[in-house]
Amino acid sequence: MSSIQPSFVIASCHPKQLAEFYGKVNDVEIQKGISSSHFLVPLNNGLNIQIYQPSKSREKLEKGRSVALCFQKQPSPHPLQIVCEWSLQLKEIGANAIGVPTNESFGAEAWVADPERNQFLIFVPLLN
């Protein structure tokens, strides 16, 4: 069985307010995420909408690119290593990296494009 958890991810300048909006739309209580600028909107089907404020070092995402699928693996003490290996595995099956994997205080992530150039995020939280 796979340990990858799919979810939706939305980059936002005001993640708490946007999470509250989607919480009301779905009639659910939002949850605190892995940082002070990360929130989860749990959906009834088991999926989550993850809403976060992008790193200041990351270029601002254009509208239309700020909503994407997110695939998350289990937390690790070495998340960047896992994201780099995962990126290579995805490349072998036709994906293209968008930039380089980044290490953040909460874990590691990389933007990837599928064979039709749809972008998605792969993410591994830092195990504390």
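I first located Ser7, which sits in strand 1 (residues 5-11); strands (E, at least two residues) and helices (H or I, at least four) are DSSP runs numbered from the N terminus. The model is predicted: local features need pLDDT of at least 70, side-chain atom pairs count only at pLDDT 80 or more, and totals for chains, interfaces and linings use all residues. Residues are numbered from 1 along each chain as its sequence is written, and side-chain values use heavy atoms, with hydrogens and water left out.

I then looked up the accessibility of Ser7. Ser7 counts as buried because its relative accessibility is 3%; buried means under 20% relative accessible area, exposed over 50%, and partly exposed in between (1.4 Å probe, protein chains only).

I listed the contacts of Ser7 (heavy atoms within 4.5 Å). Leaving aside neighbours within four places in sequence, they are Asn48, Gln50, Ala68, Leu69 and Cys70.

Not counting residues up to four places away in sequence, Gln31 touches Phe39, Leu40 and Pro42.

Strand 5 (residues 67-72) and strand 8 (residues 119-125) run parallel and are joined by 4 bridges. I noted that Gln72 has Phe123 in strand 8 as its bridge partner.

Key:
Two strands pair if DSSP finds at least two bridges between them.
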